[in-house]
Amino acid sequence: RNFAALIVGASGFVGRRMFALLGPQRSIATYNRRPIEGGVRFDAQDGRLIDILNAMPRRITHVFILFGAIDMEGCARDPAGTAQVNVASVRRMIDDTISYGAMPVYASTDYIFDGSRGGWGEDDAARPVMAYGQQKLAIETYLRSLAAPWLAARFSKVVSGETGTHSLLGQWVEDIRAERVHRCACDQIFSPAFVDDVAEAMVKLALSGRRGLFNLAGPDAYSRVDLLRLLVENIRALRPEIDPEILPVSLHDLPF
């Protein structure tokens, strides 16, 4: 059948890339606070996705759910409030997608693991240590309970060279420019992947007809502090005078 996607959260870090990749011929974008040219405004907490789907000018086959509260500190401070976004709202969107007759494609995370290593497999036991990971795991568990087909992809750390975005590398560059001290976890390990590769892989999974759960990650594992040191090493190759202060700490010492 003809592929037509609705991207919920298309103004986000991965969503913008996915919308650019698919284009308006194969996708329709939604946004909430940050408008997108040609997009449809949708507040997932107040509105129902079924109303958006029924108003579409063409039949939607896949709904990419990239929406969520992704601030780790915010999730830790207010687990109940952020669960209304990351769990309750997402469950409603999944239900509406299936009721409409489309396939939900959910963006999960490797934060459902404890961060003690990289290279996690799809069947490894989940053990989230952060509220954000617990919320994502709740949706994975809900998906597994459904009889209808679904697709989910666990992102590891998604990065790019941009500043002013959700990219960890870009945020670190801004901190280095501001001469901030870096308190950085040495016991959280992930497998970073370039944002364009993540968006493309998720689209290819959907186009291929895959169902179930897949991990999307880069080939190499780094601790958070080692990734920062690698960034600093590359910056210093061009600007030897740059020497940011890095304080390795435990993940459990951070406000996550």
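Tutor: Let's begin with the labels: helices (H or I, at least four residues) and strands (E, at least two) are DSSP runs, numbered from the N terminus. The model is predicted, so local features need pLDDT of at least 70 and side-chain atom pairs count only at pLDDT 80 or more, while totals for chains, interfaces and linings use all residues. Residues are numbered from 1 along each chain as its sequence is written, and side-chain values use heavy atoms, with hydrogens and water left out.

Student: Which helix gives the largest share of the lining of the largest pocket?

Tutor: H1 does, with 4 residues.

Student: What makes a space a pocket, and what a cavity?

Tutor: On a 1 Å grid over the protein atoms alone, a cavity is a set of points where a 1.4 Å probe fits but cannot get out, while a pocket is an open set with protein on both sides within 12 Å along at least five of seven lines; lining residues have an atom within 4 Å of a point. Here the largest pocket holds about 1000 Å³ of space, a volume being the space filled by probe spheres set on the points, which are joined across faces, edges and corners. Its lining counts 37 residues, and Gly12, Leu66, Phe67, Gly68 and Ile70 lie nearest the centre. Helix H1 (13-26), strand S2 (27-31), strand S5 (103-109) and helix H5 (131-144) are the elements giving two or more residues to that lining.

Student: How many cavities of 30 Å³ or more does the structure hold?

Tutor: There is 1, and the largest cavity has a volume of about 100 Å³. It is lined by 13 residues, with Asp110, Tyr111, Gly115, Gln188 and Ile189 closest to its centre.

Student: How are the residues lining that cavity sorted by class?

Tutor: Ala, Val, Leu, Ile, Met, Phe, Trp, Tyr, Cys and Pro count as nonpolar, Asp, Glu, Lys and Arg as charged, and the others, Gly among them, as polar. The lining of the largest cavity has 7 nonpolar, 3 polar and 3 charged residues. For the lining of the largest pocket, the counts are 17 nonpolar, 14 polar and 6 charged.

Student: Why are H4 and H5 called roughly parallel?

Tutor: Axes are lines fitted to C-alpha atoms, for helices over the stretch in contact, and angles run from 0 to 180 degrees between N-to-C directions. Angles under 35 degrees count as roughly parallel, over 145 as roughly antiparallel, 65 to 115 as roughly perpendicular and the rest as oblique. The axes of helix H4 (residues 79-100) and H5 come within 10 Å and cross at roughly 20°. H4 and H5 are therefore roughly parallel to each other.

Student: At what angle do H1 and helix H7 pack?

Tutor: The angle between H1 and H7 (residues 195-207) is about 50°, and their axes are 8 Å apart. So H1 is oblique to H7.

Student: What about H6 and H8: at what angle do their axes cross?

Tutor: Helix H6 (residues 168-177) and helix H8 (residues 224-238) cross at roughly 60°, their axes coming within 11 Å. That value makes H6 oblique to H8 as well.

Student: Which residues of H6 and H8 meet?

Tutor: Contact means heavy atoms within 4.5 Å. By that test, Leu168, Leu169, Trp172, Val173 and Ile176 in H6 meet Arg224, Leu227, Leu228, Leu231, Val232 and Ile235 in H8. Sorted by class, this contact has 10 nonpolar, no polar and 1 charged residues.
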